[in-house]
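Here is my note on the structure, point by point. Please keep the model open while you read.

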Amino acid sequence: MTQGSVVGRDPFGQMSWLASWIKDGDRYTLEQMRLLVPRHMRVDLEYRDALSVAFFSTYMLPQLDGRLMGFGAGNIFRRLNHEAPLGAIRRSVKDSERAKAVGLRVSGLEDYFEELMADCGALRPSPGLEVVHGAEPLHLFSSSYSGNYFFSWDDSLDLSPALEALDIEAGLNRFAAVSLWLERNMHIGSLPVEDTVTRDQAARIDQTLLDNPALLALNFENAKDISLDESSRESIRRVMQAAEQQSVSVSQTAPLPVAQVELASNPSEWIYRQSVSTLLRRLKVPYRFETEFRSNLYDGEVAVSLTSVGEIVMPARRYDGFSRSWRDLDDAERAALGRRYNLRVGLIVAAMCFGAGPDVDHVSIRMDSMGLDQAVKQQDSAISKLIAQALGMFERGLRPDHHGPSSKADPKDGDFHGDPAHAPSVTQTPLRSTSDSWVSAGQDDRNVQSDRSGSSDRSQTASEHADSSPTSSHAEEASRNGVSDEDSGPDGTHDLNDATVDSEFESLMQGIDMDSMAFQTTQGELDSDASGSVLFLDHQDDGDDDDPMSVLRNGPTMRNMASVTFTRDRFLARMEQDGLDHPEETYRLFGAQLDIDDTGDTDGAASREHSVANAGSTAQFTLRDKRFSPFGSGEEPEFSEVPFTDEQSEVLGCRDMVGLSIQRADLMQRAVSDFHRIAVNDSLPSVAKANEAMEIVRAFGDPELADFAPTINSALIDGTDTPDLHFTLADEIDRARLKTRDLLFSGEVEQALEELSGTVAKVDAQYAGTKAPRYFNSYAERVVYNRLFATSDEHTVLIPDNLFYAHMELADMLAQLQGAKAALPHLNALVAYAPAYPLSHLRLAVQLAREEDWNSARAACLNALRVCLDRDDAAYAYYRLAYAEWMSGEFAVAVACYIMSEHISPNKIGSLDSELQELLSRARSQCILVPTSYTAAQQVLEGYGVPVWPRTQVADIVRQAAQVCVDGGMFVPARTLSVAAARMNDSFDEGIDMAQAQFLRSLSA
């Protein structure tokens, strides 16, 4: 049996869906037609008859009458896909009204769509959502995973129209779910289908899907054994089976075989987190929710945070099948409906987490409410507080590739890619403070200033470096929050005045992809309770009920609605026994803390007093609790002593975590800490202490640290504590850079060059005595270097970051003042120090092209392509390679490189198209065959031995390394590696889609 569509061109020249047909054997049946056509003219037709009837009844006659329109959901979806959403909804309803007026057919689903849209307010005027100068503020998108609709807006919206938009969005998703069910019925030969469904039947389907969200939770639309009458026990069982299948699918496509990563009987964190990330994004429920999760499979622990749905977006009416009429729901009924819905979604998520991994023993669910209902009820300045707190959560969802606050796992250059000419100027790099360059032995807070002065301004303070050590848990908590105390008011909340409320809410949800939203909190928005849980709590009232500011102080905030920990065996037994039928009872059986009262209120004082708190109840928890992440997962390689297994060493190219280090300052801090630890170890004789300290000096290989060796050795031999160490090398470079800038601003160019060149030459000479001085921009590049460049016996020594930046500054200045040739020594130094950093090679290629050294420029571009981890870098490398090949007379390769550059990163290089057209013109004039398509370009490059991005050697390296790091609980390098692995793809979403964004956020310790 085959199904197809009847389409025709509408008055605007667009092809529109009009009806559908089914072919069974050689006979055709026409369905979903507006015109009422007798059965003998629709069923069991030959091809010619079916074509004729379809043409006249669905296209020609309706067009002559000015009533050309599709039927049912097809017409509605066509409008939603091509028109502004609110107008599309209203015009779809008008289509139905026009069809009824002239005696054409209208499906029961269309009638129900009109009821839904009227219920959610889409058909009445809404001041904040109406069209202005031909443009609506709302934009409709759909998730590629769940198929759900979601709105975004790019103009100012007050709270009330924003909530109306969410209500309309939920109505569209409910309608789409009913349509999906009817479409499924048609595929499997069941009834009703859209041609036969009544409004009453559509309402029953909708209510069933709300009461049992597991029915279509993971898109089981083609399963023949699903029924509206099935028990929720069967539905939840199907969810767990789908979760298990998802895990199997992920394991089959993993970069490394499961047997290789599941060492010592430990399950794969990478496979589990990828599976759960995809499952959470596939979850098909009508209402928006934000979610984030953590897992620790070694201990069998998983935690998930969800935002709950308030009664404000719950249906205001419900169809009564007995009286065959619509019945209004009061606030208590809506609250109860929302409560049961939220708790059921929590049970579905728990079932997915258990199903995705047989090693999961406990799943903890935390559900929080934003208090939107209270905001609408109060309608006063408390809304500003809601916006202030919601803003911190929503604004982080603006970019799919955003995965939390910046950290040391981020690239040092601010994650810049592409044309080096557009890079943030290194002459604007913040310089180190000379007063913070000493390390005090015997202190916990050692003031080792980071060398990470770069365009991203991520240089760390001394205390930040000390606190990032494994022994400093307080700093770890602070760094996870990503904000400072200065960002918040004295009460821990962000300050807002009335003048800023509208402007801040304007960007609250602009461009947000809700399927990639993180459930995140910031320190400025948190208060900690006595148990250590981080909660959004109301500030205590001072007892003055007449105080007009009391409403603001007690305004709507994020509040924990439910906290529960499910155990595997008991949960599975409960699902088999009761499914989703009695969610509140299920939660209470597991000792849940529920912030609800008998009426379902989650906002009032009564609810807070009614919270379940018995002896066996679940304690409050947050995702930051240590039990939800593998031990040491937040540890930086520079401070870790974890040795690698043979399998891990093979993938990562080093023997232990220190082999992944990229921060010289952190290594120096670790060395000083080790010296102090050795000094206070009374079990070792002084000679053994000195030998162990010298072994550390030799292992790190840093020349400045080696200068301190006699002092350290003497102190340990004498049995005294190691002295304070002053690491001044990096500060000396910064002083020279600062003086150079002053001289440049004063017009003393020659003196400026001499000042910086002399200092750089001196430091270069010190590191020339080491075996392999290197700079690394990110942990991903360190792994690439280990695998592609490092020799088996190599001793890699990290240089100060600002030595690398100083070479960049000198290269830029000399290229501008004395020409490209004068800059080449410093550019070659950049390549020597950072062979795995694409921008080093690209900078060199640009200056070599200025010298018209095309062979060398070509080699530099090829070197860049071999280590590119980002599409913008690869696109610019192809662009520069194209010009070098053109100048070398290789027209076919040049055209192929131009095509590759534009395909990888469209419209990023302004001059590319004009250069390509000129090259094509010259090739045609000389009758030279060149590729004209992306596929042909790939074939040409492969024939000439040019890397075809992203199918390069480094792609497999970073994917395997990302999996090994996640499975090994090394989340700091894993985040950078996972981003690089996701970006190396042929899609145009940079690989950081909704599921990958969810996965990356799960790696935040």
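Predicted model: local features only at pLDDT ≥ 70, side-chain atom pairs only at ≥ 80, totals over all residues.

1. Phe354 is buried, with a relative accessible area of 0%. Phe571 is buried as well, also with a relative accessible area of 0%. Their ring centres lie 5.2 Å apart, with 35 degrees between the planes.

2. Where do Phe354 and Phe571 sit in the chain? Phe354 belongs to helix α10 (residues 331–356), and Phe571 to helix α17 (residues 568–578). They are 217 residues apart, so the pair links distant parts of the chain. Both also belong to one aromatic cluster, together with Phe566, Tyr587 and Phe590.

3. The charged end of Arg184 is placed over the ring of Trp181, 4.5 Å from the ring centre.

4. The whole structure holds 26 aromatic pairs. One of them is Phe55 with Tyr59, a tilted pair at 6.1 Å centre to centre and 40 degrees between the planes. Both residues lie in helix α1 (residues 47–64). They are four residues apart, so about one helical turn separates them. Phe55 is partly exposed, at 41% relative accessibility. Tyr59 is partly exposed at 22%.

5. Look at the surface around Phe55 next. Phe55, Phe56, Met60, Leu61 and Leu64 make up a nonpolar surface patch. Together they have about 470 Å² of accessible area. Leu61 lies in helix α1. Its relative accessibility is 39%, so Leu61 counts as partly exposed.

6. On to the charged pairs. The search of the whole structure gives 46 salt bridges. Asp734 and Arg737 form one of them, at 3.0 Å from N to O. Both are in helix α25 (residues 729–745), three residues apart, about one turn of the helix. Arg737 is buried, at 0%.

7. Two other bridges have partly exposed partners. Glu333 and Arg327 meet at 3.0 Å, N to O. Glu333 has a relative accessible area of 29%, so it is partly exposed. Arg327 is partly exposed at 35%. Glu942 and Arg951 meet at 3.2 Å, N to O. Glu942 is partly exposed, at 48% relative accessibility. Arg951 is partly exposed, also at 48%. Shared partners matter elsewhere: salt bridges join Arg79, Glu83, Arg91, Asp95 and Arg98 into one network.

8. Arg880 is in helix α32 (residues 871–887). Its relative accessible area is 19%, so Arg880 counts as buried, the cut-off being under 20%. Beyond its neighbours within four places in sequence, Arg880 contacts Val846, Ala849 and Cys861.

9. Last, the overall picture. The protein has 38 helices and 18 strands. Of its 1005 residues, 58% count as buried. Among contacts with a separation of 6 or more, 69% are between residues 24 or more positions apart. The accessible surface comes to about 40900 Å², and carbon and sulfur atoms account for 50% of that surface.

Conventions: Residues numbered from 1 in each chain as written. Heavy atoms only, no water. Phe/Tyr/Trp six-rings, centres within 6.5 Å; stacked < 30°, edge-to-face > 60°. Helix = DSSP H or I, 4+ residues; strand = E, 2+ residues; numbered from the N terminus. Buried < 20%, exposed > 50% of the residue type's maximum accessible area, 1.4 Å probe, protein only. Lys NZ or Arg CZ within 6 Å of the ring centre and 35° of its normal. Patch = residues over 30% accessible without salt bridge, like charges linked within 9 Å, V, L, I, M, F, W, Y side chains within 5 Å. Areas by Shrake-Rupley, 256 points an atom, 1.4 Å probe, with all protein chains shown as cover. Salt bridge = Lys/Arg side-chain N within 4 Å of Asp/Glu carboxyl O. Contact = heavy atoms within 4.5 Å.
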